[in-house]
Amino acid sequence: MSRQLINGKCYDWSSVTINMPGLDYLEPTKIEYDGERETEPIYGKGGKVRGYGTGNLKHSAKIEMAEEDFDEYCRVAKTKGYSSLYGFAMDKVTVSYADEGAPIQTDVINKLVLSKWGKAASQGDKNFNISLEFSVIGGIKLGDIEA
(Lines give C-alpha, C1' and ligand atoms only; values in the text may rest on other atoms or scores of the structure.)
Protein backbone atom coordinates (compact mmCIF):
# COMPACT_ATOMS: atom_id res chain seq x y z
CA MET A 1 0.00 0.00 0.00
CA SER A 2 1.45 3.35 -0.97
CA ARG A 3 1.52 6.47 1.17
CA GLN A 4 -1.45 8.73 0.60
CA LEU A 5 -0.40 12.15 -0.70
CA ILE A 6 -1.87 15.20 1.01
CA ASN A 7 -3.41 17.38 -1.71
CA GLY A 8 -1.12 15.59 -4.21
CA LYS A 9 2.05 17.19 -2.75
CA CYS A 10 5.27 15.15 -2.79
CA TYR A 11 8.38 15.63 -0.65
CA ASP A 12 10.61 18.49 -1.79
CA TRP A 13 13.52 20.50 -0.38
CA SER A 14 11.14 22.61 1.73
CA SER A 15 10.02 19.34 3.42
CA VAL A 16 13.56 18.55 4.66
CA THR A 17 15.09 19.46 8.04
CA ILE A 18 18.75 18.60 8.71
CA ASN A 19 19.97 18.50 12.31
CA MET A 20 23.67 18.30 13.20
CA PRO A 21 24.03 18.41 17.01
CA GLY A 22 26.61 21.01 18.02
CA LEU A 23 26.32 22.65 14.61
CA ASP A 24 22.79 23.95 15.03
CA TYR A 25 23.23 27.14 13.01
CA LEU A 26 24.39 25.48 9.81
CA GLU A 27 21.98 25.44 6.89
CA PRO A 28 23.21 22.87 4.36
CA THR A 29 22.17 23.46 0.76
CA LYS A 30 22.40 19.78 -0.19
CA ILE A 31 22.71 16.38 1.46
CA GLU A 32 23.33 12.99 -0.11
CA TYR A 33 23.79 9.66 1.65
CA ASP A 34 24.01 6.13 0.41
CA GLY A 35 25.07 2.60 1.16
CA GLU A 36 26.42 -0.35 -0.77
CA ARG A 37 27.34 -3.96 -0.08
CA GLU A 38 29.81 -5.92 -2.17
CA THR A 39 27.99 -8.78 -3.86
CA GLU A 40 29.59 -11.43 -6.03
CA PRO A 41 27.90 -14.22 -7.98
CA ILE A 42 29.00 -17.78 -7.13
CA TYR A 43 29.12 -20.07 -10.16
CA GLY A 44 28.44 -23.78 -10.35
CA LYS A 45 28.28 -26.50 -12.96
CA GLY A 46 27.84 -25.26 -16.50
CA GLY A 47 28.99 -21.75 -15.64
CA LYS A 48 25.58 -20.85 -14.22
CA VAL A 49 25.09 -18.73 -11.15
CA ARG A 50 24.06 -20.90 -8.20
CA GLY A 51 24.12 -18.21 -5.51
CA TYR A 52 26.02 -15.22 -4.30
CA GLY A 53 28.40 -14.10 -1.60
CA THR A 54 28.51 -10.77 0.16
CA GLY A 55 31.39 -8.65 1.31
CA ASN A 56 31.80 -5.36 3.08
CA LEU A 57 29.04 -2.86 3.72
CA LYS A 58 29.95 0.77 3.00
CA HIS A 59 28.02 3.98 3.75
CA SER A 60 28.90 7.51 2.75
CA ALA A 61 27.42 10.99 2.99
CA LYS A 62 27.98 14.30 1.27
CA ILE A 63 26.90 17.69 2.62
CA GLU A 64 27.15 20.97 0.77
CA MET A 65 26.95 24.34 2.49
CA ALA A 66 27.73 28.00 1.95
CA GLU A 67 31.24 29.26 2.73
CA GLU A 68 29.86 31.15 5.74
CA ASP A 69 28.50 27.90 7.21
CA PHE A 70 31.77 26.11 6.48
CA ASP A 71 33.59 28.85 8.41
CA GLU A 72 31.31 28.06 11.38
CA TYR A 73 31.97 24.30 10.95
CA CYS A 74 35.72 25.01 11.13
CA ARG A 75 35.26 27.32 14.15
CA VAL A 76 33.35 24.62 16.05
CA ALA A 77 36.02 22.01 15.20
CA LYS A 78 38.73 24.35 16.50
CA THR A 79 36.86 25.15 19.74
CA LYS A 80 36.52 21.39 20.36
CA GLY A 81 40.30 21.13 20.23
CA TYR A 82 40.80 19.77 16.71
CA SER A 83 43.73 21.10 14.71
CA SER A 84 42.70 19.18 11.57
CA LEU A 85 39.28 18.88 9.93
CA TYR A 86 39.92 15.19 9.35
CA GLY A 87 39.92 14.51 13.09
CA PHE A 88 36.57 16.21 13.70
CA ALA A 89 33.85 13.56 13.53
CA MET A 90 30.13 14.24 13.83
CA ASP A 91 28.27 11.78 16.07
CA LYS A 92 25.13 11.87 13.97
CA VAL A 93 23.10 13.79 11.45
CA THR A 94 19.34 13.44 11.32
CA VAL A 95 17.35 14.15 8.19
CA SER A 96 13.63 14.60 8.77
CA TYR A 97 11.07 15.21 6.09
CA ALA A 98 7.32 15.51 6.01
CA ASP A 99 4.61 17.29 4.17
CA GLU A 100 1.93 19.21 6.02
CA GLY A 101 -0.53 16.76 7.52
CA ALA A 102 1.69 13.70 6.92
CA PRO A 103 3.76 11.76 9.50
CA ILE A 104 7.40 12.80 9.89
CA GLN A 105 9.98 10.46 8.34
CA THR A 106 13.45 10.48 9.95
CA ASP A 107 16.74 9.05 8.69
CA VAL A 108 19.74 8.89 11.05
CA ILE A 109 23.32 8.91 9.79
CA ASN A 110 25.68 7.78 12.59
CA LYS A 111 29.34 8.68 13.16
CA LEU A 112 30.47 10.71 10.14
CA VAL A 113 34.22 11.03 9.56
CA LEU A 114 35.42 13.55 6.98
CA SER A 115 37.17 11.92 4.04
CA LYS A 116 37.21 14.72 1.44
CA TRP A 117 36.36 18.39 1.10
CA GLY A 118 36.27 20.73 -1.84
CA LYS A 119 35.74 24.36 -2.79
CA ALA A 120 34.87 25.66 -6.21
CA ALA A 121 33.85 28.98 -7.68
CA SER A 122 33.03 29.97 -11.23
CA GLN A 123 32.34 33.22 -13.00
CA GLY A 124 28.66 34.02 -12.68
CA ASP A 125 28.13 32.07 -9.42
CA LYS A 126 25.78 33.80 -6.97
CA ASN A 127 27.21 31.95 -3.98
CA PHE A 128 30.28 29.99 -2.89
CA ASN A 129 29.50 26.43 -1.77
CA ILE A 130 31.73 23.94 0.00
CA SER A 131 31.38 20.18 -0.40
CA LEU A 132 32.19 17.81 2.48
CA GLU A 133 32.33 14.04 1.89
CA PHE A 134 32.15 11.64 4.83
CA SER A 135 32.71 7.97 5.52
CA VAL A 136 29.81 6.80 7.66
CA ILE A 137 31.22 4.54 10.34
CA GLY A 138 28.08 3.95 12.44
CA GLY A 139 25.66 3.03 9.66
CA ILE A 140 22.46 4.61 8.43
CA LYS A 141 18.95 3.98 9.66
CA LEU A 142 16.13 4.84 7.24
CA GLY A 143 13.12 5.26 9.48
CA ASP A 144 12.84 1.94 11.31
CA ILE A 145 15.13 -0.12 9.08
CA GLU A 146 18.91 -0.45 8.99
CA ALA A 147 20.32 0.37 5.58
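Colleague: Which residues form a negative surface patch?

Modeller: Asp34, Glu36, Glu38 and Glu40. Patch members have over 30% relative accessible area and no salt bridge, with like charges joined within 9 Å and nonpolar side chains (Val, Leu, Ile, Met, Phe, Trp, Tyr) within 5 Å. Asp and Glu count as negative, Lys and Arg as positive, and His and the chain ends are not counted. This is a predicted model, where local features need pLDDT of at least 70 and side-chain atom pairs count only at pLDDT 80 or more, while totals for chains, interfaces and linings use all residues. Residues are numbered from 1 along each chain as its sequence is written, and side-chain values use heavy atoms, leaving out hydrogens and water.

Colleague: Where does glutamate 36 lie?

Modeller: In strand 2, residues 30-43. Strands (E, at least two residues) and helices (H or I, at least four) are DSSP runs, numbered from the N terminus.

Colleague: And why does glutamate 36 count as partly exposed?

Modeller: Because its relative accessibility is 49%. Buried means under 20% relative accessible area, exposed over 50%, and partly exposed in between, with a 1.4 Å probe and protein chains only.

Colleague: Isoleucine 31, buried or exposed?

Modeller: Isoleucine 31 counts as buried, at 16%. This residue also lies in strand 2.

Colleague: What separates the C-alpha atoms of isoleucine 31 and glutamate 64?

Modeller: A distance of 6.4 Å, although the two are 33 residues apart along the chain. Glutamate 64 is found in strand 3, residues 49-66.

Colleague: Which side chain of opposite charge is nearest to glutamate 64?

Modeller: Lysine 62, 4.0 Å away. Glutamate 64 is buried and has no salt bridge. A salt bridge here is a side-chain nitrogen of Lys or Arg within 4 Å of a carboxyl oxygen of Asp or Glu.

Colleague: How many salt bridges does that rule count?

Modeller: Three. One of them joins the side chains of glutamate 32 and lysine 30, at 3.1 Å from N to O. Another pairs arginine 75 with glutamate 72 at 2.7 Å; both lie in helix 1, three residues apart, about one turn of the helix.

Colleague: What about lysine 119 and glutamate 67?

Modeller: Their side chains meet in a salt bridge of 3.3 Å, N to O. Lysine 119 lies in strand 5 (residues 105-119) and glutamate 67 in helix 1 (residues 67-79), so the pair ties together parts 52 residues apart in sequence. Lysine 119 is partly exposed at 41%, whereas glutamate 67 counts as buried at 13%.

Key. Areas by Shrake-Rupley, 256 points an atom, 1.4 Å probe, with all protein chains shown as cover. Charge placed at Lys NZ, Arg CZ, Asp CG, Glu CD.
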